[in-house]
Amino acid sequence: MIKLRAVPFLALFSLISFIRAQQAQESADLIFLIDGSASVGSVNFQYIRDFIVNFIDSLEIGPDRIQIGVVQYSEEPKTEFYLNTYSTKIEVLDAVKRLQPKGGDDINTGEAVQYIVDNHLIESAGSRATEGVPQAVVIITSRESSDDINQAELLLKQGSIYTFCIGGRDADQKELAQLSTDASFTALISEFRDIGQLQQQFLPLVSAMARREIILEPLVLSEGTYDPNLVPTLCILTGMQEPCGQLGKLLMMND
């Protein structure tokens, strides 16, 4: 059994009380942001696609459970399907299996994150953020972004969007760490054919997020300010009794 905890800081008892009142049922809005550029190529894209299929197959999918959306990007982002496009696991899996790489030389990760926030993590596209359902993005990229990601990082932090990052051999580790929610939410692989091995790292985290065992307290910044050292408060709850901690101190223990 996997347990999650954080190095203890100041407990937010009101938040813990809120979580205790939630149902145990898993729910989340999860967007896969996939690099479909020429640097990935058709063979590696197939590995990525298979990883996503196997990952989704391990989740409880549905309008009241975990919803899935997919965006592919290179120079520009492209919607493959929204959170509310498909309501069953079979439909979602079939849609992912049909994905083909869009091509392109550049990868503008910053623009793609902005696109997701503006067009996918909204109520009309199926987002349940106003209901308190966790919002999450899995970024899979082959290399360093061609554009600036500072604004993207700010959007993710301010929106308390759980961000998981997977990078290929040419990806920038510092960039992935900047975008991801926590160091344990990031992975680098030398070959995309090995991406399937990451399911054991990310699946427990996504499931814990959906069960409200990992909570992000919103980050509030003054207008026009940006400080990369400011991070949201991360709460890791085991048995609804663990206190909140500061982001970056996520520990995992396997029994």
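**Entry 1: a hairpin**

I began with strand 3 and strand 4, which pair in the antiparallel sense over four bridges. For my own reference, strands (E, at least two residues) and helices (H or I, at least four) are DSSP runs, numbered from the N terminus. Two strands pair if DSSP finds at least two bridges between them. I found three residues between strand 3 and strand 4, and the two form a hairpin. Across it, valine 71 stands opposite threonine 79 in strand 4.

**Entry 2: ground rules**

I noted that this is a predicted model, in which local features need pLDDT of at least 70 and side-chain atom pairs count only at pLDDT 80 or more, while totals for chains, interfaces and linings use all residues. Residues are numbered from 1 along each chain as its sequence is written, and side-chain values use heavy atoms, with hydrogens and water left out.

**Entry 3: the whole chain**

I counted seven helices and eleven strands in the protein chain. Of its 255 residues, 51% count as buried; buried means under 20% relative accessible area, exposed over 50%, and partly exposed in between (1.4 Å probe, protein chains only). The accessible surface comes to about 11,800 Å², and 47% of that belongs to carbon and sulfur atoms. These areas come from the Shrake-Rupley method with a 1.4 Å probe, and for residues only the protein chains shown count as cover. I also looked at contacts, meaning heavy atoms within 4.5 Å. Among contacts between residues at least 6 apart in sequence, 76% join residues at least 24 apart.

In what order do the strands of the six-stranded open sheet run? I read 4-3-2-5-6-7, with mixed pairing. Strand 4 and strand 7 (186-188) stand at the edges with a single partner strand each, so one side of each has no neighbour in the sheet. The twist averages 15 degrees from one strand to the next, taking axes as lines fitted to C-alpha atoms (for helices over the stretch in contact) and angles from 0 to 180 degrees between N-to-C directions.

**Entry 4: strand 2 and its two partners**

I followed strand 2 (residues 28-35) next; strand 2 and strand 5 (residues 135-143) pair in the parallel sense over six bridges. Strand 2 also pairs with strand 3 in the parallel sense, over eight bridges. Phenylalanine 32 has a bridge partner on each side: valine 138 in strand 5 and valine 70 in strand 3. I also wrote down leucine 30 opposite alanine 136 in strand 5, and isoleucine 31 with glycine 69 in strand 3.

Is strand 2 mostly covered or uncovered? Eight of its eight residues are buried. Ala28, Leu30, Phe32 and Ile34 lie on one side, and Asp29, Ile31, Leu33 and Asp35 on the other.

Leaving out residues up to four places away in sequence, alanine 28 touches Arg65, Ile66, Gln67, Arg128, Val133, Pro134, Met209 and Ala210.

**Entry 5: back to strand 3**

Eight of the eight residues of strand 3 are buried, so this strand is largely enclosed by the rest of the structure. Ile66, Ile68, Val70 and Gln72 point one way, and Gln67, Gly69, Val71 and Tyr73 the other. Strand 2, helix 2 and strand 3 make a right-handed β-α-β unit. Right-handed here means that, with the strands pointing away from the viewer, the path from the first strand over the helix to the second runs clockwise.

**Entry 6: helices**

In helix 2 I looked up asparagine 44, which is partly exposed at a relative accessible area of 22%. Asparagine 44 and serine 142 are 98 residues apart in sequence and 9.6 Å apart in space, C-alpha to C-alpha.

For helix 3 (residues 89-97), I listed Val92, Leu93, Ala95 and Val96 as the buried residues. Seen down the axis of helix 3, they fall within an arc of 160 degrees, so they line one face; the arc is that of the directions from the helix axis to the C-beta atoms. Their cover includes helix 2 (41-57), strand 3 (66-73) and strand 4 (77-81).
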